[in-house]
Amino acid sequence: MTEILSNSLFFGVGISVGTYILGTIIKKKIDFFLFNPLLLAITMTIATLLITGIEYSEYNNGAKYLSYLLTPATVALAIPLYEQVTILKKNLSAILIGIASGVITSGLSIFAMALLFGLGHTEYVTLLPKSITTAIGIGLSQELDGYVAITVSAIMMTGLFGNIAGGLLCRLLGIKNPIAKGIAIGTASHVMGTSKAMELGKVEGAMSSLSVAVAGCMTVGAAILFQQLI
Amino acid sequence: MKYIKQFEIILAISLIGELLNRLIPLPIPASIYGMTILFTALCTGIVKLSAVKETGHFLIQIMPMMFIPATVSLLESWSIMQNFLIAIIVISLVSTIIVLFASGHATQIIINLKKKEKKQ
């Protein structure tokens, strides 16, 4: 059975989409914040792989076609952004300063906690790209000579956290303005947070998309300076 | 047919993004070049909103699913992370909260300041 499944091209996609659908059903039935469709799908997929003993690489044989759609989907984020272009123009300075504040505090907080945990240079630079989108994060981690696989993991944890708790955190921390919410979620938790921001509202989604691109590029510049600290 | 045309436009822009990523020696991915190109094209009217809208929104709607394979790869990197797993988890979560707070409030403060300025 395991052998048949691991050679299958549609197993990876099937299990990912299937668990995601199951996740949305569970979320609808039980409204508990940890019951996030993405988190549920990931947990169920990992559990399935562990139980059946199917290797990640075999799973990814089929699942990679889902990842393949990520580039066109990110390109498409320009559409909601364009639909909100008047808001963007009107609040340009607030938006840029907001994103820049996020990028700087990201570097500073990672630096402070790296000191606290006694991390070395390589571990420290590995975590610097954690708030930005994976594709930029991978490139940056390579550039800084970090552990790329760990950078990807930290990016995923950050994104998943933003996807689960982004809305809740904004409420708890007193971020009420929809533009500010979008900027906060996008700057802190990149595209994964953005897909959550899209659910909060059109303005939130558009501003979050913008933050992914701008924060990603700003982080590349900031990381060059931050890497010298440890 | 309409949706296929829309998808093709988005794919073509992704392709241009990919080419730029290979030509320009910066760690900026194809998707960010593509997003910038599509945004510029929409603003200048080179691409009409109606030429990409439905397929674009569909792709965005199903986007969360696309993160599943990459996140499941945590399973593989678990063993190399063991030495500083707690540090990674704590730093990831705490700094996300700090960044969210800082960027959100900075934006909010400036928007409110501008509103006040206009009133005066």
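# Exercises: a predicted two-chain model

B:S103 is buried, at a relative accessible area of 0% (buried means under 20%, exposed over 50%, partly exposed in between, with a 1.4 Å probe and protein chains only). The model is predicted: local features need pLDDT of at least 70, side-chain atom pairs count only at pLDDT 80 or more, and totals for chains, interfaces and linings use all residues. Residues are numbered from 1 along each chain as its sequence is written, chains are lettered from A and ligands numbered from 1 in the order in which they are written, and side-chain values use heavy atoms, with hydrogens and water left out.

## Exercise 1

Solution. 
- Step 1. Helices (H or I, at least four residues) and strands (E, at least two) are DSSP runs, numbered from the N terminus.
- Step 2. Follow the side chain of B:S103 to the backbone oxygen of B:V99, at 2.7 Å. Such a polar contact is a pair of N or O atoms within 3.5 Å; within protein, one must be able to donate a hydrogen and the other to accept it, and residues adjacent in sequence count only if both atoms are side-chain atoms.
- Step 3. Contact means heavy atoms within 4.5 Å.

## Exercise 2

Task: describe the contact between chain A and chain B.

Solution. 
- Step 1. Count residues: chain A supplies 92 and chain B supplies 69.
- Step 2. Take the area: about 7400 Å² is buried between chain A and chain B, with 83% of it on carbon and sulfur atoms. Buried area is the accessible area (1.4 Å probe) that two parts lose on being put together, summed over both.
- Step 3. Count polar links: 9 residue pairs are in polar contact between chain A and chain B, both at pLDDT 80 or more.
- Step 4. Find the main contributor on the side of chain A that touches chain B: helix 8 (residues 92–116) of chain A gives the largest share, 13 residues.
- Step 5. Sort that side of chain A by type: 62 nonpolar, 25 polar and 5 charged. Ala, Val, Leu, Ile, Met, Phe, Trp, Tyr, Cys and Pro count as nonpolar, Asp, Glu, Lys and Arg as charged, and the others, Gly among them, as polar.

## Exercise 3

Task: how many salt bridges does the structure hold over all chains, and which one crosses between chain A and chain B?

Solution. 
- Step 1. Over all chains there are 4 salt bridges. A salt bridge is a side-chain nitrogen of Lys or Arg within 4 Å of a carboxyl oxygen of Asp or Glu.
- Step 2. Between chain A and chain B the count is 1 salt bridge. A:E83 pairs with B:K53, with the closest N and O atoms 4.0 Å apart. This pair runs from helix 6 (residues 78–83) of chain A to helix 3 (residues 53–61) of chain B. A:E83 is partly exposed at 29%, and B:K53 is partly exposed at 34%.
- Step 3. Within chain B, B:K2 and B:E54 form a salt bridge at 3.6 Å, N to O. B:K2 sits in helix 1 (residues 2–23) and B:E54 in helix 3, 52 residues apart.
- Step 4. B:E18 and B:R22 also form a salt bridge, at 3.6 Å, N to O. B:E18 and B:R22 lie 4 residues apart in helix 1 of chain B, so about one helical turn separates them. B:E18 is partly exposed at 36%, whereas B:R22 is exposed at 65%.

## Exercise 4

Task: which residues have the most contacts inside the largest nonpolar core?

Solution. 
- Step 1. Define the set: a nonpolar core joins buried Ala, Val, Leu, Ile, Met, Phe, Trp, Tyr and Cys residues through side-chain atoms within 4.5 Å.
- Step 2. The largest core has 92 residues, and A:Y59, B:L38 and B:I68 have the most contacts inside it. Helix 13 (residues 202–226) of chain A gives the most to this core, 11 residues.
- Step 3. Check A:Y59: beyond four places in sequence, A:Y59 touches residues including A:F11, A:L49, B:I68 and B:V72.
- Step 4. A second, separate core has 12 residues, among them A:L169 and A:I185.

## Exercise 5

Task: is A:K130 buried or exposed?

Solution. 
- Step 1. A:K130 is in the loop between helix 9 (121–127) and helix 10 of chain A.
- Step 2. Its relative accessibility is 0%, so A:K130 counts as buried.
- Step 3. The side chain of A:K130 makes a polar contact with the side chain of A:S131 at 3.0 Å.
- Step 4. Beyond four places in sequence, the contacts of A:K130 include A:I110, A:H190, B:I91 and B:S95.
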